[in-house]
Structures are given as structure tokens and as C-alpha cells.
2 protein chains.
Amino acid sequence: MTEIAYLGPAGTYSEVAALSLGIDDVQPLPCVSIPEVFEAVERGKAVLGVVPIENSIEGSVVATLDALVFDTTLEIQRELVLDIHFSLVAAPGTKLAGITSVVAHPQAGGQCRRWLERNLPGRPVTAANSNAEAVQTAVANPGVAALGPVLAAEIYGAEVIEDGVQDYAGNQTRFVVIGHGLQPRSGKDKTSLALFMKKDKPGALLMILSEFAYADINLTKIQSRPTKRQLGDYMFFVDLEGHVDDPEVRLALDCLRLKLREVKVLGSYPVAR
Amino acid sequence: MTEIAYLGPAGTYSEVAALSLGIDDVQPLPCVSIPEVFEAVERGKAVLGVVPIENSIEGSVVATLDALVFDTTLEIQRELVLDIHFSLVAAPGTKLAGITSVVAHPQAGGQCRRWLERNLPGRPVTAANSNAEAVQTAVANPGVAALGPVLAAEIYGAEVIEDGVQDYAGNQTRFVVIGHGLQPRSGKDKTSLALFMKKDKPGALLMILSEFAYADINLTKIQSRPTKRQLGDYMFFVDLEGHVDDPEVRLALDCLRLKLREVKVLGSYPVAR
């Protein structure tokens, strides 16, 4: 049995991600916050943890980045990209015409607002703390529909009235699987780094990019962020193609370690898909 | 009278930002979504719009970045950084000991979770679609408290039971004021850009940074983002110190326009504080 901690409650997209890893005999362990997912793995209550790190509509998940950078020695073991589809669900037998109100997490409600205006005009949209809570509320209240993933409908005994009710196509969330230690090379890997600048060093990013260019390493993501410890104190998140055990990646990181305040490897792991 | 559109309803931090601009005789115009704030200004229903663009805990507000980059010719006129403080508020006369449940936007609830666990253990936390809706619900229901800004308490006749109940200090949101045309130079300005790469050009970011370094321009933010039009098609958000009418900024942008697919100026505006 493999315990996997995830951002709960049951039926969230984090659970969908945990169940999509292809691991046999998963024991999902729902947690109430992202820091608690990390804690569960650190304390051995779970072998792995699954947390969202980036959504194509909502952007980076800062709580996950911060936990990886500042609060843990756990490393990213895998990444996983899920298409996010919202369904309109309700108690079995409910018809669209019989729906008098909708319950949804505010983000889900925002992402399906136009569909709701067209198909359920005038119905009030009340809020829920999670997609799973929304589905539970709908099942318990006749005439109330919820927005949520199909998994939540299955878990809580709801029926899907209509699938794919989000206003924008292409909504994807990238999840990372966190755990102990570094993954071995797979041949097609990606490495996530946090790079901390020394103070008052203009040109630092130019130097960093030059080191990667010299070593023929492609970057797939770069993002600056204040460290919040001191105003003007910056760091960068970088994703690159390659594994920390690849000779060219090791060379670039060795050069950067001589010059930067800190180079933290957040993980080397196989590229998704 | 100056109509200012903002992300409503009344009493949100976007309204606090709109009222903090120091403009006389503001007529606030609440909108239900970020795209509607842009639309209100484009159609002349409001002179200016106020939208959040970045939060120190939640990260970039992708809806605002996307609207600026893809959907509008409006430009950033000003920026404004607000400290986000949540207060516990309720109907006048309510005491902490008399609170039986709490209502909050899920983000606010998440940011005050530990305080609630310590000070109101066991009380259920129900969800609201906005901080303002939470405060209205609390005022109408005895024994129910809400998390929200002080302005919302004033607007809806609630009383502040305790101030500063957020778990983490240093929570700040950066707002931008959007409107027609380019602001003149103030002497201490910032410029926001969206830079679109040509396909299959490794080394593009290195070239971009070299142009800015040659022109002695400091970057204060850089962030890569897939354009979503085509996989592998990337763009960068850049904030730099200076105004597009500064000769060195103009030189760098002229050089970049010769080489990149597109350089879009999102605005030049005075640096906050």
C-alpha cells in the first residue's frame, strides 16, 4: 500500500492527479493545506505527496513554490499535467430545467460564469470551500447543482448533467509529486532550481543565462520573485531540460554555486507526457 | 466626478485601492470580473479601472496579465501596493465568545486558518464568493463572523471584533490603474512589457537581457509564459526601471522590435511609494 498525501478533500483535482500516477494500491491521504501535504511526507505519514504547482489560468501556486524553496528538503519526483474540465453535477435524476441554484468554489464559478449566464440565467451562485464541498452540498439539496470534477461526482453519488462547462478551453494544471531523495536519470528529464542572488549585483541574470547557454542547456521557465526577507533581495525559479547528473548541467551549476548566494535543486524528474 | 471601475462588489480591496488614489469625487463602479473592468473603461462607462496584478502569497493575477497582453489597447497609468489585513467582523455587539460560525472567501479563510484554529476552534468555516459577500452574510446572521477588509465592515454596518487575523505578515497586493494613453515621464518611472519570441530561437532571452544591459536598464521582474496559441511558443513579461520616452529605453525597444515577433508596451507609470 502506498500512502499518497494530497490537497483534499476527496474528489479534488489533486486526488485525480494522485490516482493518475499509475501506482498500484494507492492509499490517498487528504490534507487541508499545501504545507500539510509536505508535513505528511516529511513525517512519514505518506510516501509521496501531490500538490498543484501551476495553472494555465490562475498562474503559479505560490504556496507550493515557497514550501519547496524555503521549508523542505523533499524533492520533486515527477510532474503531471491534467486538463481541467468542470462538469455541472447534481443529485441523480435532476434535470437542467429543475435547477434553482448553483454552488461552486469561487474560482470554478469564475471559470464557468458565461456558461452559467447562458444556460442557467438568474440562478444564484453560492460559494463552497472546494469543488468537493460543492458537490456534497448539491447532492444533499434537491434543485441545487454544483461545478466540479467527474471524480467528485462519482465519490459523492452525484450525476453529471453536463460535461465541459468551463468558458475557456485549454485550462491545465501542472502537479508535482514530492518525496525523499533524487530521481535517477530517465534520459528525458527536467530540473527545477531556485537561484538566490547576492545583493546589488546587476547583470546577475545575464551571467546565469550565459552559463546555461555555454553548456547548451535550454530553459523552459524563468520567473523572478522577491525573497520577502529583504526588499530588493531577488531570486529566480528556473526549469531546464536535463538532469543534475548530466555532465553539462553539473558544470553549469558548479559555476553558478561559485558566484550566487545559493543554488537549491528542487528536483530532477522525467518530463511529463 | 471620476468614474472608476473596479473588481467588486463594494468593500473589496480593489475598492480600497480605487479610493486610495487621491482622486477627488470618485464614483466607484463595481464589476463582476476583471475582463468587465477593462470593458467598462474601453466603452467609456468609466475613466479608469483598478485591478489586482500580483499578490505576495497568491502570485500573479493571470486574468489581468492576459487582458493587458491580448485583449486591450488600454495601458497601465499607475501602480499601487496595498498591505492586506484581514479583520474578523460581525454584527454590532457580537463578542468573540458568541461566534458559532465563520464565513469567508476560501482564499481569506486559507490565509487566516491558523488564527481561526487557535481562537475559534471547532467553528465551521463556510464559503463566500467575495470578502464583501462574507461581511454581508455575517451582518445578517447573529453569531456569524466574517473575514474581510475594514472598508467592507464600514460599508455594510459590521463591527470589527479583531484586526490583523491573517497568519502571515507581509501580505501585499499590487494593483494597477488602467486607462487610455501613455502617462508622461515623472522622473521615476517603471515600464511593463510583453515580449513575444519568434519560434525556435534559442538564446532569445540572453539577447534580450544583453540589450537591456547595454542600455544600462535595470529589470525588476521577468517571467516566462507559454502563449497558449501554440505549444512551445513563449513570451516574457518584463518590468524595467525607466519610461518608454527615455532615450535608452527607446533604443533598447527599437533594437528588440527588429528581432522579436512583437514588443507590446503595457504602460509606463510612476513607481509606487
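Tutor: Below we go through the model topic by topic.

Student: What should I know before I start reading numbers?
Tutor: This is a predicted model, where local features need pLDDT of at least 70, side-chain atom pairs count only at pLDDT 80 or more, and totals for chains, interfaces and linings use all residues. Residues are numbered from 1 along each chain as its sequence is written, while chains are lettered from A and ligands numbered from 1 in the order in which they are written.

Student: Okay, how many helices and strands are in chain A?
Tutor: Chain A has 9 helices and 15 strands, taken as DSSP runs (H or I of at least four residues for helices, E of at least two for strands) numbered from the N terminus. Its C-alpha atoms fill a box of roughly 65 × 40 × 30 Å along the principal axes.

Student: And how much of chain A is buried?
Tutor: Of its 273 residues, 44% count as buried. Buried means that 20 or more other C-beta atoms lie within 10 Å of the residue's own, exposed means 12 or fewer, and partly exposed is in between, with C-beta atoms placed from the backbone.

Student: Which domains does chain A have?
Tutor: The assignment gives domain 1 (2–84 + 171–179), domain 2 (87–162) and domain 3 (189–270); such bounds come from an automatic or database domain assignment. The centres of domain 1 and domain 3 of chain A are 24 Å apart, taken over C-alpha atoms. Each of these two domains of chain A puts 9 residues into their contact, where contact means C-beta atoms, placed from the backbone, within 7 Å. On the domain 1 side, β5(A) provides the largest share, 5 residues.

Student: Switching to helix α6 of chain A, why is it called largely enclosed?
Tutor: Because 8 of the 10 residues of α6(A), residues 131–140, are buried, the rest of the structure largely encloses the helix. Among those buried are A:Val135 and A:Ala138. The cover over the buried residues of α6(A) includes β6 (87–90), β9 (144–148) and α7 (150–156) of chain A.

Student: Which residues touch the most other members of the largest nonpolar core?
Tutor: In that core of 161 residues, they are A:Val135, A:Ala138, A:Ala146, B:Val135 and B:Ala138. A nonpolar core is a set of buried Ala, Val, Leu, Ile, Met, Phe, Trp, Tyr and Cys residues joined through C-beta atoms within 7 Å. Leaving aside neighbours within four places in sequence, the contacts of B:Val135 include B:Val89, B:Ala146 and B:Tyr156.

Student: Last one: which strands pair with β3 of chain B?
Tutor: Pairing needs at least two DSSP bridges. Strand β1(B) pairs with β3(B) in the parallel sense over 3 bridges, β11(B) runs antiparallel to β3(B) with 6 bridges, and β4(B) is antiparallel to β3(B) with 2 bridges. Also, 8 of the 8 residues of β3(B) are buried.
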